[in-house]
Amino acid sequence: MKKFLTSTVAASALALMLGMASARAEDAVDPNAKQGGAITVTYKDDVATLDPAIGYDWQNWSMIKSLFDGLMDYEPGTTNLKPDLAESYEIAPDGKTFTFKLRHGVKFHNGREMTADDVKYTIDRVTNPKTQSPGAGFFGSIKGYDDVAAGKTEGLSGITVVDPYTVKFELTRPDATFLHVMAINFSHVVPKEEVEKYGADFGKHPVGTGAFKLAEWTLGQRIVFERNPDYWHKGLPHLDKITFEIGQEPIVALLRLQKGEIDIPGDGIPPAKFQEVMADPEQKARVVVGGQLHTGYVTMNTTMAPFDNVKVRQAVNMAINKDRIVQLINNRAVPANQPLPPSMPGYDKAFKGYPHDVAKAKALLAEAGHPDGFETQLFAMNTDPNPRIAQAIQQDLAAVGIKASIQSLAQANVIAAGGDKAGAPMIWSGGMAWIADFPDPSNFYGPILGCAGAVPGGWNWSWYCNKDLDAKAAEADSVVDPAKAGERDKMWSAIYDKIMADAPWAPVFNEQRFTMKSARMGGADNLYVDPVHIPINYDNVYVNDVQ
Amino acid sequence: MIPYLGRRVMQSLLILLGVSLITFALLYLLPADPVRQIAGRSATPQTVENIRRQLGLDQPFVVQYWHYLMSLLSGDLGRSYIQRSEVTELIVSRLPASLLLMVGAILCELLIGLTMGLIAAVKRGTTTDQTLMVASFVGVSAPQFVVGLLLLYVFAVRLGWFPIGGYGTWRHLVLPSLTMGILGAGWYARMMRSSMIDVLRQDYVRTARAKGLARGAILFRHALPNAILPVVAMIGIDIGIFMGGIVVVESVFGWPGIGQLAWQAIQRVDIPIIMGVTLVSAFAIVLGNLLADIVAPFIDPRIKLR
């Protein structure tokens, strides 16, 4: 096999070495961190499962990351990839073969050493239709995926166990996102014997290689994590114990935080209390603000008149007063002008987007043959603040002559309407909006703006399908060389700029994260708004009141 | 008695069958696709179809309902789509908490409601009576969500007498029971008042008074036992109101019962759980009514079961 390093030697070798170096530097543990102590985190909703192949809720996402590890991970508090259970990796020059060398001596919570067989078993399991994994599609570029998905065979032909510490992935196409795919929860390594022992209930009896192990799970009440003393990453985790209390309303959680009974309200600060908290300097000091890989947008169904006319869609973009909407939600967001959020690689800082310009919007509508506007429907999810935001959009549209009636429905019903080609002319995405699965610009395209998502039951609610852009996206994702990441990001920026010219969406805002913590919590601020660990990075935070 | 019981049990089973059919049909007609919920937003069409086939959701309605009924007969409520656990296990694990809350709530409503009704009846027509009846009216009409948060704020946050939500000790039980109980207490106060007033008008009470019996003796030994009977017989019927209330109250107080389970399942369209909780609640209500009817003749000999 020709190795990546043979051709573009200097540049990529340097990049790879730099990557390793920075990974090693990050591995150094916070010198101020104190060892020990316990924290309490609250959630309103029950935790569904802790099986990494299944869990896809925002509250179990981060829990699973603390129980399991993947071949790749991110430096804490950042979106920078680093090898995790892998010690190193090599990418073939054609971008279609990834070879990972595994760390030695990594043990599962049951004491057995993790090997390359476990990695293969894990990916075979997650792609097996019987597992019903919502993440199976992420592995679509691995050879043999189609046969496995169709149920013709079990086990991906593209994964080879070279030796106990080496695993090789062969892909059907170059896939620049593959290292990210090796870092998402769905590829976190599970031990075969435990999965077989518990069957469908593995999610209630999780066994991984992670920093914590499950100590107790009382259904509907409490989940307790205990420090894994044999964790391969020396010095981590800092905490001895994390208790997740389930079924707590956010408002009750906040009251308990104020009384010092809990440390992290997992569902955040309830909107009704937000201003009160931020007006109190003592409480405000314990709120960490950070970006989020999220964009809230209005979709316009490009297959339905009058939104099949690009001028109408551009007019809507100009009609919406984003600043006012951001104020409406107490400035818990920043106005957006493109699909990608600012903290995502590929975000185009130079892009100005559509200004709020009522006169211009009216002119565009007149050009499109609607000088007096038209009537339409705006779908929105029925939980606060979404109906209020929909009303603000309704008023903005009325100012240019578009009379939109609001359809305020339960989440599942709005999603169903969006996935029906004749279902919804406009949808405000709030409460269902896209949050990236991994920090890569491609993740905002395929399912929500690409042709693949414009299918019945899909998430491309604009039904926007531009074959030319699909080809460009495939081209960008074939740039696998890490040294060319900047170039690839530029290709993606160009794709999103073109999308904004076609205006299937009116991007409205990017939500900010506000994580509140108790006074005893320690660790860098970015651990509390970690882009991939929501709400917080449990492995790296610590408490200050232990000896 | 036996033929009556047989007939009532048959009726109850028919009601449960009806409830299951209506709920199943409503959930089937819901314009939300449960498979999409399970498959997640990044799933390929192939994954979606695989899951639909495995869950049997590609079958026609009648076949799906038949399968559900058959597994129901063997005591299997199915497997949750979202939580990926047996529904029976989820309900059983949460049932003790709901039953405990029910006992607490019934104690509260009887204690508060009967006392208020009794006082109002004795003081009929006075300001005390009017105040109590207004209070009971407020209790009946106040949304439990508001009452719960109000009690929580005053007694847990401000005064610190009770914990702010949660489950475990008797102190956790007080505020949710009270929240549930205040609604029922309003009803009981009104019923107790009218029942007591009826009894106080009876000849035997007048006779007792004429014999010169002490006021307390007349009230507690002669009037109360007769007035209380029709009221207590209501407890069985009360379960229906109770089942509605636990959804809200359990959510406010973080009480890990089946109401909270139902609320979360509804939000996530977790159909097997919604079905399971609905059937268990319907069963409880039907059972409560049946018991109320069976117990009635023992409490009041004038009632005959036919």
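Me: Does A:Trp463 count as buried or exposed, and how many C-beta neighbours does A:Trp463 have inside 10 Å?

Reply: A residue is buried if 20 or more other C-beta atoms lie within 10 Å of its own, exposed if 12 or fewer, and partly exposed in between, with C-beta atoms placed from the backbone. A:Trp463 has 25 such neighbours, so it counts as buried. This is a predicted model, in which local features need pLDDT of at least 70 and side-chain atom pairs count only at pLDDT 80 or more, while totals for chains, interfaces and linings use all residues. Residues are numbered from 1 along each chain as its sequence is written, and chains are lettered from A and ligands numbered from 1 in the order in which they are written.

Me: What is the phi of A:Trp463?

Reply: Most residues other than glycine have a negative phi, and most peptide bonds are trans. A:Trp463 has a positive phi of about 55° and sits in the loop between helix H16 (446-449) and helix H17 (467-477) of chain A. Helices (H or I, at least four residues) and strands (E, at least two) are DSSP runs, numbered from the N terminus. A:Ala503 also has a positive phi, near 55°, in the loop between helix H18 (485-502) and strand S19 (505-511) of chain A. With 24 C-beta neighbours inside 10 Å, A:Ala503 is buried.

Me: Which peptide bond to A:Pro385 is cis?

Reply: The bond from A:Asp384 to A:Pro385 is cis, with omega near 5°. A:Pro385 lies between strand S15 (375-381) and helix H14 (386-399) of chain A, in the loop. Another cis bond joins A:Ile534 and A:Pro535, with omega about 5°.

Me: What is the order of the strands in the open sheet of 5 strands?

Reply: Strands of a sheet pair through backbone hydrogen bonds, either parallel or antiparallel. Two strands pair here if DSSP finds at least two bridges between them. In chain A the order is S8-S9-S10-S1-S11, with mixed pairing. S8 (212-218) and S11 (264-265) of chain A stand at the edges with a single partner strand each, so one side of each has no neighbour in the sheet. S1 (residues 38-43) of chain A runs parallel to S11(A), joined by 2 bridges; A:Val41 stands opposite A:Ile264 in S11(A).

Me: What radius of gyration does chain A have?

Reply: The radius of gyration is taken over C-alpha atoms, and the globule rule is 2.2 Å times the number of residues to the power 0.38. For 547 residues a compact globule would have a value near 24 Å, and chain A has 24 Å, which agrees. The C-alpha trace of chain A spans about 70 × 60 × 45 Å along its principal axes.
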